[in-house]
Amino acid sequence: MKRFMLVSVMLITALAAAVGSACENTPVSSEPTSPTSDMQGTPMEVEGGTYWRLTPNQFRTFTSGDVFLVVVDEAYLGEITGTDQWIKASEIADNLNLFPDDKDARVAIYCATATRTPAAATALVQAGYTHVAELGGGWTAWIQQGYSPPKTNTARFE
């Protein structure tokens, strides 16, 4: 019985260590630290600060008005109406000159499936941007909610 318990404890410890290290670089969702935050959505804590993951409806509301809207797909697949730039997620840090000078400006990013946005959002937060939002689920979720599908306009970014 003692041997069984020892083996069980060792297996549980190994499993907990493996899960912990696998999640080490994953953004962690937490409750807002300030109830007066003007950002909606789920706050995502990353090294350097916080960005927000928005539902399609929240994203639509966030992007109405004064916001810098960026598609961050690695290949241009299309854009939601009102998009200001296409910048590959892997090239965000090298193209900060294309973003607003005001680090408190609202910046909204999206890609097809939201696989690229966490890295892009993290790069923006680490560059000092304080109001960064990503479209949770990407424009795939956007379309599933009944919003207009992205339009292709490759000439705009050549």
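This report walks through a predicted model of one protein chain, from its overall layout to a few individual residues.

**Overall layout and confidence**

The protein chain has 158 residues, and 37% of them count as buried. Four helices and seven strands make up its secondary structure. Read from the N terminus, these elements follow the order α-β-β-β-α-β-β-β-α-β-α.

A word on confidence before the details. The average pLDDT of the protein chain is 79, and 73% of the residues score at least 70. Over residues 1–36, however, pLDDT stays under 50, and the model has 15 contacts beyond four places in sequence for that stretch.

**Strand 6 and its neighbours**

Four of its five residues are buried, so strand 6 is largely enclosed by the rest of the structure. On one side of the pairing list is strand 4 (residues 68–71), which pairs with strand 6 in the parallel sense over four bridges. Within that pairing, V71 has Y110 of strand 6 as its bridge partner. Strand 6 also runs parallel to strand 7, and four bridges join these two strands. There, V107 has V132 of strand 7 as its bridge partner. Together with helix 3, strands 6 and 7 make a right-handed β-α-β unit.

The loop that leads from strand 6 to helix 3 (117–126) holds A114. Its backbone deserves a glance: A114 has a positive phi of about 70° although it is not a glycine. For context, most residues other than glycine have a negative phi. A114 counts as buried because its relative accessibility is 18%, below the 20% cut-off for that class.

**The salt bridge**

How many salt bridges does the structure hold? There is one. It joins R53 to E134, with the closest N and O atoms 2.6 Å apart. R53 belongs to strand 3 (residues 49–54) and E134 to strand 7 (residues 131–135), so the pair ties together parts that are 81 residues apart in sequence. In general, side chains of opposite charge can pair when their charged atoms come close. The two partners fall into separate accessibility classes: R53 counts as partly exposed at 30% relative accessibility, while E134 counts as buried at 0%.

**Two loop residues**

T63 sits in the loop between helix 2 (56–62) and strand 4. Its side chain reaches the backbone oxygen of R60 at 3.2 Å. Leaving aside residues up to four places away in sequence, T63 touches L69 and A108.

D94 is placed in the loop between strand 5 (85–86) and strand 6 (106–110). With 63% relative accessibility, D94 counts as exposed. The C-alpha atoms of D94 and A123 are separated by 9.8 Å, and the two residues are 29 apart along the chain.

**Accessibility at a glance**

The table gathers the relative accessibility of the residues discussed above.

| Residue | Relative accessibility | Class |
|---|---|---|
| R53 | 30% | partly exposed |
| D94 | 63% | exposed |
| A114 | 18% | buried |
| E134 | 0% | buried |

Note on methods: Residues are numbered from 1 along each chain as its sequence is written. This is a predicted model: local features need pLDDT of at least 70, side-chain atom pairs count only at pLDDT 80 or more; totals for chains, interfaces and linings use all residues. Side-chain values use heavy atoms; hydrogens and water are left out. A salt bridge is a side-chain nitrogen of Lys or Arg within 4 Å of a carboxyl oxygen of Asp or Glu. Buried means under 20% relative accessible area, exposed over 50%, partly exposed in between (1.4 Å probe, protein chains only). pLDDT is the predictor's confidence in each residue, from 0 to 100. Contact means heavy atoms within 4.5 Å. Two strands pair if DSSP finds at least two bridges between them. A crossover is right-handed if, with the strands pointing away from the viewer, the path from the first strand over the helix to the second runs clockwise. A polar contact is a pair of N or O atoms within 3.5 Å; within protein, one must be able to donate a hydrogen and the other to accept it, and residues adjacent in sequence count only if both atoms are side-chain atoms.
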